Amino acid sequence: MLGRLLQTPRRFPNVFSVPFLSTISSTPHRLCSSSSSSSGSTSVEHLTEVREPNQTTETTQPTATISIDRSRLHNPIEHSHEPSSDSELIKHLKGIIKFRGGPISVAEYMEEVLTNPKAGFYIHRDVFGAEGDFITSPEVSQMFGEMIGVWTMCLWEQMGQPNRVNLVELGPGRGTLMADLLRGVSKFKNFTNSLHIHMVECSPALQKLQYQNLKCKDEDNIGRDDDKRTTSMLAGLPVSWHATLEQVPSGLPTIIIAHEFFDALPVHQFQRTPRGWCEKMVDVGEDSSFRFVLSPQPTPATFYLMKRCKWAVAEDISKFNHIEISPKAMDLTQAIAKRISFDGGGALLIDYGLNGIVSDSLQVLQISVHT
């Protein structure tokens, strides 16, 4: 048993308890520990049996000595009690990397930074508008939301004017776009009476802003399992919130709107090397700062890279040494197409960027300024 334990590269405490070595001798004893090391990484600890001063035996027995080679055991970095300037989010990210025993993908790093429940960028504050970190089109002019409202009503007419329709917005921000849309179509009662608004939003802070901007009011939902029904006073429509598109009820014709939503989804980045495409990962360096490293072997995201390359011309791929993909965007697009094919409806997805292979789109904005 002792031999098996010593050959296993696991973490052990520096001092073994007496019961661990109790099978060596049935005579009560204590252990003294001393260690020696060479110039390399080898560390050998000697555990020697020392008899108590008052202990007597009929015959003198040789002292038992055990040599333990710790050279292959993991030596953790010493814990420091010095104050750290790292934020809670940085500590959390470093904790994930340490727990995993290796780097994490750029996508996982992004997801934690943006939507971590405790310290995510979008979770606890308003990041939009002149006082935020960036401005989107609905915040510039109400005409943007009104024009999308016209498109939505035209699509509804092309669908045959169904009596019940799910109107879904992905990543509604402050709710400005939806508020302008509802104001613009509020006089067309046949259309508005058919709508149930579904806001897909994971941020509690932004959900509150959307609630306010849509002039929502909670009412008793008599005769239903739900305790309350939330209604937008802008057009008298029911409003529901969901964390993901999958939580939006299916079975009804669905109109989906997404404005600058896909460009905020996490991305994986790959770099061309002599051994092929390697994923860029985020690790913690010896100076305790984040750094990029390359994966030593294919990662799960490589499957999506292969799929993306199939859609591109080989000549275009050969021009790039870096490629960026978003598996979440690819899966979400497929989910939207599948829902519309089953339930009917349409989708309007608005984003700004290249219509082709993306090399590196990562950027950081603070008060609308690149940092």
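**Around one ring**

Reply: Lys-94 lies over the face of Phe-290, 5.8 Å from the ring centre, where a charge counts as over a ring if NZ of Lys or CZ of Arg is within 6 Å of the centre and within 35 degrees of the ring normal. The model is predicted, so local features need pLDDT of at least 70 and side-chain atom pairs pLDDT 80 or more, while totals for chains, interfaces and linings use all residues. Residues are numbered from 1 along each chain as its sequence is written, and side-chain values use heavy atoms, without hydrogens and water.

Rings of Phe, Tyr and Trp (its six-membered ring) pair if their centres lie within 6.5 Å, being stacked with planes under 30 degrees apart, edge-to-face over 60 and tilted otherwise; by this rule there are five aromatic pairs. Among them, Tyr-109 and Phe-290 are edge-to-face, 5.6 Å centre to centre with 75° between the planes. This pair links distant parts of the chain, since Tyr-109 in helix H3 (residues 106–115) and Phe-290 in strand E13 (residues 290–294) are 181 residues apart; helices (H or I, at least four residues) and strands (E, at least two) are DSSP runs, numbered from the N terminus. Tyr-109 counts as partly exposed because its relative accessibility is 27%, and Phe-290 is likewise partly exposed, at 27%, given that buried means under 20%, exposed over 50% and partly exposed in between (1.4 Å probe, protein chains only).
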